Every structure is written in structure tokens, then in C-alpha cells.
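Biologist: I would like a close look at one part of this model. Please keep to what can be checked against the coordinates.

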Amino acid sequence: MSVLLAITAVLGLIIGIVCNILVDLFCRAENGNAEAYGQNKSKFNVLESLPFYLAVRHPSKADSLRSMLNITQPVLMTILYGFAALSFGYSAAFVRAITLITAVSVSAFTDIRANIIDNRPLIAAAVLGAIFMFAFNDSVWWHMLLGGVAGGILLFVLNLLSVLFTGNIGFGGGDIKMMAACGLLLGWKLTLFAEIAGIIFGAVIALVMLSRGKAKKEGYIPFGPALALGCIAALFFGERLLLWYGSMMGLI
């Protein structure tokens with residue numbers, strides 16, 4: 001088991017580095033973002049996407065957002081892949097878990113760095129989620145399908161209400177698509193849990209950013225990272241918390 005766990009952690013690290021490169025490439029394609037994160041638009045150096053490279057080769061950039069995130073994403077994915085192996089074993093649930101972890105990781109980091117969520121990993125996660133519904137027999141397929149539908153519709157409705165009553169967009173299209181894709185991997189109960197948790201995380205993050213002067217009330221605050229945290233919380237802790245709540249309320 002320890003050998004398999006080590007292999008899983010290494011796999012998470014490798015995929016995390018690959019995702020980091022993809023995030024860098026996506027960010028370069030967004031107008032103005034290349035200069036904002038210290039990249040040269042005319043030339044892409046893949047080594048700059050590796051953890052610690054900027055800190056070692058360019059100490060002046062060691063404290064930059066890009067340098068810190070280049071380290072954060074692979075490390076987080078290494079930890080989460082290992083935790084998924086410990087939580088679910090090497091089962092269908094593990095395959096779903098690492099698919100979700102990879103998709104929300106890329107989504108969160110593109111939202112942080114480019115203020116937009118890349119659709120491609122979400123499309124891949126949705127396709128895989130649809131395949132898993134019928135390929136694996138560990139869940140009821142319509143629960144998973146309902147998760148995808150509920151994940152997208154709930155945020156769409158909340159966004160519509162935000163526009164009607166405040167005139168401001170509450171969630172971007174990327175947020176809605178991310179929750180629809182993740183819903184196909186989580187099922188409807190955990191998807192609702194993820195969205196509630198994500199909204200709570202988002203409110204906390206927004207309050208912290210506003211209090212520290214990192215954002216303005218009228219400005220853009222990325223919501224993708226909060227929803228990603230909600231999905232991770234639902235993945236690892238959702239079932240137990242829902243069982244605890246149901247037992248406490250006498251529903252189970």
C-alpha cells in the first residue's frame with residue numbers, strides 16, 4: 001500500500017506540473033495576462049512553469065504570484081491524489097475523485113491568474129463523468145446525471161436573481177459550467193453540498209480580500225477557487241457530514 005501511495009503521489013505531482021504548464025499557456029492567450037504575470041509574449045519557456053524554477057533562477061521573481069502558484073498547484077495535487085487513494089482505495093470512486101481534483105484545480109488556477117475559467121478541462125471532466133455513469137456500477141446513473149443538471153441550473157438561477165435584484169453578475173459562465181461538470185462526478189446530493197460550501201467559502205474569501213484592500217466592491221473577485229474548495233470538501237467530507245446532519249435532524 002505504501003508503494004502504491006507513493007506512486008499515486010508522484011502521479012499527482014507529475015499531473016500537477018503538466019496542469020501548471022497548461023494553465024500558463026492558457027493565461028498567455030488571455031489579453032494582457034502575459035505581461036501581468038511576468039511572461040514574455042513572444043517566447044514561452046516551459047521551465048518557468050516548473051515548481052521552484054523562478055525562485056531559483058530568478059530570485060527577484062520568487063515572491064511573485066506566478067512563482068508561488070507554480071509551487072502551489074503541483075503540491076496541492078500531490079496531497080489530494082494521495083488523500084483520494086487513502087479515502088477511496090483504488091476503486092471507481094478514486095478515478096472519479098482524481099478526475100474532479102484535476103478539473104477543479106485547473107479551473108481555480110486559471111480563474112486566479114486570468115480571471116476566467118478554461119472550458120477545456122471542464123468539457124473533458126463532463127465527458128468522463130458521462131462515461132463513468134455507465135461504465136462504473138458503484139452509483140445510480142440518474143443521481144449523477146441529476147447532479148450535473150442541478151449543478152448548472154442552481155448557479156444559473158442564483159446568477160439570474162443577482163442580476164435582477166442587484167444589477168450585478170453573481171457567477172460567471174465558467175462557474176456554472178464547472179459545477180455542471182463536477183455534478184456528473186459527485187451526484188446531486190454532494191453537488192448541492194459543494195455549491196453551498198462554495199458560496200460560504202466565496203463569501204469568506206471576498207470579505208478577507210475586501211478587508212485587506214485586495215479587491216473593490218465593484219471589482220472582480222474570482223469565484224472559481226471557492227467553488228473548487230466546495231467540490232473538494234464535498235468529495236472528501238460531504239457524505240459523512242450529510243449523514244451526521246441527517247442523524248441530528250432525525251431524518252435518518
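What do the buried residues of α9 pack against?

Modeller: This is a predicted model, in which local features need pLDDT of at least 70 and side-chain atom pairs count only at pLDDT 80 or more, while totals for chains, interfaces and linings use all residues. Residues are numbered from 1 along each chain as its sequence is written, and side-chain values use heavy atoms, with hydrogens and water left out.

The buried residues of α9 pack against α7 (141-166), α8 (173-186) and α10 (224-248). Helices here are DSSP runs of H or I, at least four residues, numbered from the N terminus; buried means under 20% relative accessible area, with exposed over 50% and partly exposed in between (1.4 Å probe, protein chains only); contact means heavy atoms within 4.5 Å. Among the buried residues of α9 are Leu 190, Phe 193, Ala 194, Glu 195 and Gly 198. An α-helix has 3.6 residues a turn, so residues three or four places apart point the same way.

Gly 213 follows α9 and has a positive phi, near 70°.

Cys 231 is one of the residues that touch the most other members of the largest nonpolar core, which has 47 residues. Such a core is a set of buried Ala, Val, Leu, Ile, Met, Phe, Trp, Tyr and Cys residues joined through side-chain atoms within 4.5 Å. α9 supplies at least two residues of this core, as do α8 and α10, while its largest share, eleven residues, comes from α5.
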